[in-house]
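Visitor: I have a chain here that I would like to walk through with you. Could you put it up on the screen?

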Amino acid sequence: MVRPDDNSLSPRQQRLVRQHARQALKSAQAIGVFPTPIDEVMEAAKVFVAEEDLSDKGFLKKMAKAAGGTLKRALDKVLGVMHVAARLVYLNKAVHVAKLPFLKLHETAHAVLPWQKDIYAVTEDCKKTLAPEIADEFEREANVFATEVIFQLDAFTEEAAYHKIGILVPVKMSKTYGSSIYSAVRRYVSTHHKACLVLVLEPPVVHEDLGFTCDLRRVVASQSFDEQFGEINWPEYFSPNDQIGAAVPVGGKKMSGYRRVTLVDQNGNQNHCVGEAFTQTHQVFILVHSIKTLTAKQVLVQGQR
């Protein structure tokens, strides 16, 4: 099942959140420091990580009771809680270490963005979106704040532009900025000046008739891709029998070679593209871009892995 959008804001909201992200980086003297020093950003904002562990259900229940019912999500799915009054972030310490930088910044946003901190006494983050419209908006603002801080506004995008387009660019840059590969791939594609798209798939699941299937988790496109191709009606899953599924790395491989992908643009013209894949086992990323971005030395594989 494709996950709902969790990053879109109006131009005005985007500008406001970026202003506060910029201020957070400046206050921590973090601009140009790599990996982005998350703890220093939090310290400058006077936000700190609590010792308590949200994986302790007993503690979380006490917190929910003290909050007067403001914790609206399932207790077993909470990843982080921001206690705005105490300026303390409570984390589920079972969370994968790669997710912690983003999670810390996301929760910090609830205390840093002035229009949020006055409303939330206790704010939590989890795997599903809050039902109320205003809370959903706050979550998207917090996601954008975390993204702008960890990728240091335009720094990531400007650095990525110096490289030939390819899936390994954000994979390698994730280490520089201290982000997860997932976040880096999304940032790379969504801000790229060329027409490109990434399909984020769930790991392959054995299928008796098809060999395997990969459910579609998320679609992220650059602005120029959207302008050229519009919204493509992608299937719910892919298999080795289609041009996207054929690119999925199998047999313990992390990458697959370039694969031909044909897409029809909004004018009805066929466009020859390539798909290249990378997996870190948690997701499979299929980057799709124009065949014109390949150099003469890069080999296009059609039928073999």
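Guide: Welcome! This is a predicted model, in which local features need pLDDT of at least 70, side-chain atom pairs count only at pLDDT 80 or more, and totals for chains, interfaces and linings use all residues. Residues are numbered from 1 along each chain as its sequence is written, and side-chain values use heavy atoms, with hydrogens and water left out.

Visitor: How many helices and strands does the protein chain have?

Guide: Helices (H or I, at least four residues) and strands (E, at least two) are taken as DSSP runs and numbered from the N terminus. With that rule, the protein chain has 10 helices and 11 strands.

Visitor: What percentage of the residues of the protein chain count as buried?

Guide: Buried means under 20% relative accessible area, exposed means over 50%, and partly exposed is in between, using a 1.4 Å probe on protein chains only. Out of 305 residues, the buried share is 48%.

Visitor: Among contacts between residues at least 6 apart in sequence, what percentage join residues at least 24 apart?

Guide: A contact here means heavy atoms within 4.5 Å. For the protein chain, the percentage is 64%.

Visitor: Let me start at helix α1. Which residues does Gln-14 contact, leaving aside its neighbours within four places in sequence?

Guide: Gln-14 sits in helix α1, residues 11–27, and is partly exposed because its relative accessible area is 24%. With the sequence neighbours set aside, the contacts of Gln-14 are Leu-9, Val-144 and Glu-148.

Visitor: Which residues are joined by a cis peptide bond?

Guide: Most residues other than glycine have a negative phi, and most peptide bonds are trans. Look in the loop between α1 and α2 (38–44), where Pro-35 is found. The cis bond there has an omega of about -10° and joins Phe-34 and Pro-35.

Visitor: Lys-46 has a positive phi although it is not a glycine. Is Lys-46 buried or exposed?

Guide: The phi of Lys-46 is about 60°, and the residue lies in the loop between α2 and β1 (48–53). Its relative accessible area is 55%, so Lys-46 is exposed.

Visitor: Gln-152 has a positive phi too. Is Gln-152 buried or exposed?

Guide: Gln-152 is in the loop between α6 and α7, with a phi of about 50°. Its relative accessible area is 6%, so Gln-152 is buried.

Visitor: Which elements do the buried residues of α8 pack against?

Guide: Helix α8 spans residues 168–177, and its buried residues are Val-169, Pro-170, Val-171, Met-173, Ser-174 and Tyr-177. After the helix comes Gly-178, with a positive phi near 80°. The partners of those buried residues are α6 (133–150), α7 (155–160), α9 (181–190) and β10.

Visitor: Which residues form one aromatic cluster with Tyr-177?

Guide: Rings of Phe, Tyr and Trp (its six-membered ring) pair if their centres lie within 6.5 Å; planes under 30 degrees apart count as stacked, over 60 as edge-to-face and the rest as tilted. The count of aromatic pairs by this rule is seven. In the cluster with Tyr-177 are Phe-34, Phe-151 and Phe-156.

Visitor: How many residues of α9 are buried?

Guide: Among the buried residues of α9 are Tyr-182, Arg-186 and Arg-187. The helix is mostly covered, and of its 10 residues the buried ones number eight.

Visitor: Is Leu-216 buried or exposed?

Guide: Leu-216 belongs to strand β7, residues 211–221. Its C-alpha atom is 7.6 Å from that of Pro-235, 19 residues apart in sequence. With a relative accessibility of 2%, Leu-216 is therefore buried.

Visitor: How many disulfides does the structure hold?

Guide: A disulfide is counted when a pair of cysteine sulfur atoms is within 2.5 Å. Cys-214 is buried because its relative accessibility is 0%, and Cys-273 is buried because its value is 6%. The number of disulfides is zero.

Visitor: Cys-273 also lines the second largest pocket. Which elements give two or more residues to that lining?

Guide: The lining also includes Phe-225, Phe-229, His-272 and His-289. The elements asked for are α10 (223–229), β10 (270–279) and β11 (284–290).

Technical notes. 1 Å grid on protein atoms, 1.4 Å probe; cavity = no way out; pocket = protein on both sides within 12 Å on 5 of 7 lines; lining within 4 Å.
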